[in-house]
Amino acid sequence: MNKLHRMRELIEEIKAADEAYFGKDAPLMQDRQYDALMAELVELEKETGIRFKSSPTGRVGGEVSRELKAVEHTKPMLSCNKTKNVQDIAHFAAGQDVVLSWKMDGLTLVLRYENGKMVQAITRGSEGLVGEDVTHTVSHFRNIPFIIPCKERFEVRGEGVVSYEDFKILTKLGEGSSHPRNVAAGAVRSLCADRGKLSHLDFFAFELIKENAPATKCEQLRFLKENNFDVVEHKFLSRECTREEVVEALEKWTPADFAYPVDGVVVEYDDIAYGKSLGATAHHEKRMLALKWKDELKQSVFRGVELITTRTGVVSIVAKFDEVEIDGSRVHRANMHNLDNFEKYCFGKGDIIQVYKANMIIPQIAENLTRSGTYVLPRFCSSCGEELTVRTSPGGVRELYCPNEECLARNAQKIARFCDKNAMNIDGLSAKVLERMMAYGWIKSFKDLYQLHLHEEEIVNTPNFGVDWYQSIRGEIEKSRRCYMYQFLVGLGIPHIGPEAAKILHQYYYGVMQNFEKAIKEGFPFSHIAGVSEVQERAIYRWYESEQERKTLHTLMAELTFVGSGKAEDDQKNPFRDTEVVLTGTFERFSRQDLIELFASFGACVREFVGETTDYLIYGALPGSKKVGAALKYGVNMISEQKLGELLEQNL
């Protein structure tokens with residue numbers, strides 16, 4: 001193949017991978033494959049002496065979502081050059097004071113501070129030049145300081161990450177993903193803040209951008225710690241260290257002992273001025289270098305696949321191979337996810353493959369050494385036997401799909417979500433148990449949960465079920481008949497409506513499901529409710545358009561009693577319902593987050609800036625002059641913190 005033609009091919013492949021990874025948080029390929037494509041392109045550019053304008057080797061990856069506000073960075077966020085050779089690091093560090101730190105694997109963020117307060121959070125975004133405003137989600141991280149001692153203006157760059165322990169918790173709650181990094185990226189870049197998920201995220205600072213900043217990296221990190229930031233774990237190495245001592249120090253940085261996902265170690269010159277004097281390419285700064293570990297590859301034999309149908313009908317392709325031990329545990333399966341990814345490997349039964357664990361956690365297939373291409377994927381759903389179809393996902397990848405809406409696996413997963421503790425809290429009914437019950441014909445739909453007594457005799461006389469099991473499950477099911485509207489909404493599985501959004505809708509409609517459905521029929525703009533996004537509004541209407549979903553809704557509502565106040569008359573004492581509110585100043589009695597949640601419970605929408613549509617400006621001490629000026633200009637009602645307290649005491 002012509003080298004220039006191959007270069008253009010590589011550019012398009014890498015571009016598509018970048019768009020999926022950064023723009024949609026849905027990776028098309030494994031990191032190892034991506035690195036290999038990039039390395040091949042770099043080598044071809046060296047050989048030909050040509051670099052196309054569109055080449056990714058001259059820029060930083062990352063795209064801006066069109067649905068979040070774009071923000072220009074004060075200083076380009078360039079990438080870090082990488083190596084897998086520890087001797088390159090030793091050579092880089094020779095004769096200079098350096099700082100070693102983890103290269104944490106999450107979502108890179110920039111926090112802006114003014115007058116001792118965090119005012120904005122931004123993603124890395126497009127080419128490191130323009131990011132996305134994600135203040136609404138980042139403000140829910142558990143360790144970000146909102147008020148700090150330093151009153152000067154500065155920026156903090158760092159990584160938003162999910163620990164392995166929190167990843168396990170979220171996975172158990174059904175909120176996980178294929179990797180902690182994907183959880184972080186998805187939660188931060190969501191249009192609506194999922195507070196439950198975001199409360200499991202941490203921020204670790206690794207860079208300070210400030211006028212008259214301290215002269216060394218160590219001093220800058222110390223400054224950040226003094227201002228209540230958690231900083232990335234780091235170690236200072238003196239210029240007196242020999243190469244052998246540098247290598248020895250690096251060998252002690254073992255990711256298996258670290259609580260967060262990392263994909264390397266960064267070495268950076270401690271002298272900031274010296275580092276800057278080295279300059280930068282269009283892609284990376286020369287003041288730092290990252291060591292990425294070589295994956296532990298093990299050889300195995302491909303034996304076939306297992307198809308797993310999910311509640312959405314999408315079928316995951318899981319490759320099976322002979323068991324091997326990697327990084328201290330034995331593995332024999334790797335999720336290939338979609339059809340596009342699976343077909344790249346040209347599998348055949350008996351092919352020799354190489355497998356590894358990404359970031360020492362997730363089993364993945366690195367390469368098929370044989371590539372016989374003889375394996376034919378099963379054509380039928382393993383659960384219901386329906387012939388599978390192929391469809392293209394919103395992320396642009398081909399997926400196997402079971403079109404049978406009555407598929408046992410699809411319905412088992414849906415009903416299991418309904419029974420989940422975050423929804424109707426019917427303990428003991430997992431997807432596997434439900435699938436077995438469906439096989440016996442006891443459950444075919446949601447309604448059958450509440451008609452289980454019709455099969456009592458058969459259940460109590462069936463092995464692995466029995467009297468005790470039946471009585472326990474019946475008790476759980478009967479207990480669930482009295483429920484809250486927000487539990488029911490989560491259980492219905494409306495796309496994008498998680499526990500937080502469900503609670504907001506519950507508060508807005510006083511726990512009355514009939515009022516919520518009436519609002520749908522009348523075309524109510526749900527995005528006008530504080531905390532509900534346009535994406536969620538569209539999801540509600542798309543869900544309700546389905547005849548099958550409406551049938552399920554009405555069937556279940558007939559079986560349930562909703563516990564709610566239903567006190568719509570309280571609106572007469574609530575001046576904030578369906579209004580826009582802006583906050584300014586420092587509050588003594590409330591935290592800013594308390595106020596945001598308070599007004600959300602009143603049915604108000606809290607906005608960032610005062611405009612023509614603003615109804616109230618709630619102000620504390622030292623209110624912002626711009627917001628006050630705008631409120632006077634537009635005739636906005638202004639309420640002090642003291643007055644707000646009086647209204648609340650009057651049982652608003």
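## Aromatic pairs and charges over rings

Tyr509 is buried, and Phe516 is buried too; buried means under 20% relative accessible area with a 1.4 Å probe, protein chains only. This is a predicted model, in which local features need pLDDT of at least 70, side-chain atom pairs count only at pLDDT 80 or more, and totals for chains, interfaces and linings use all residues. Residues are numbered from 1 along each chain as its sequence is written, and side-chain values use heavy atoms, with hydrogens and water left out.

Let's turn to the rings. Rings of Phe, Tyr and Trp (its six-membered ring) pair if their centres lie within 6.5 Å; planes under 30 degrees apart count as stacked, over 60 as edge-to-face and the rest as tilted. By this rule there are 31 aromatic pairs. For Phe418 and Phe488, the ring centres are 6.4 Å apart and the planes stand at 85 degrees, so this pair is edge-to-face. It links distant parts of the chain, 70 residues apart: Phe418 belongs to helix H12 (residues 408-419) and Phe488 to helix H16 (residues 485-492). Helices here are DSSP runs of H or I with at least four residues, numbered from the N terminus. Phe418 has 0% relative accessibility and therefore counts as buried; Phe488, at 0%, counts as buried as well.

Tyr509 and Phe516 also form an edge-to-face pair, 6.0 Å centre to centre with 65 degrees between the planes. Ring pairs join both into a cluster with Tyr508, Phe524, Phe526 and Tyr541.

Charges come next: one sits over a ring if NZ of Lys or CZ of Arg is within 6 Å of the ring centre and within 35 degrees of the ring normal.

| Charged residue | Ring | Distance to ring centre |
|---|---|---|
| Lys503 | Tyr486 | 5.7 Å |
| Arg550 | Tyr544 | 5.8 Å |

Terms used:
Helix = DSSP H or I, 4+ residues; strand = E, 2+ residues; numbered from the N terminus. Buried < 20%, exposed > 50% of the residue type's maximum accessible area, 1.4 Å probe, protein only.
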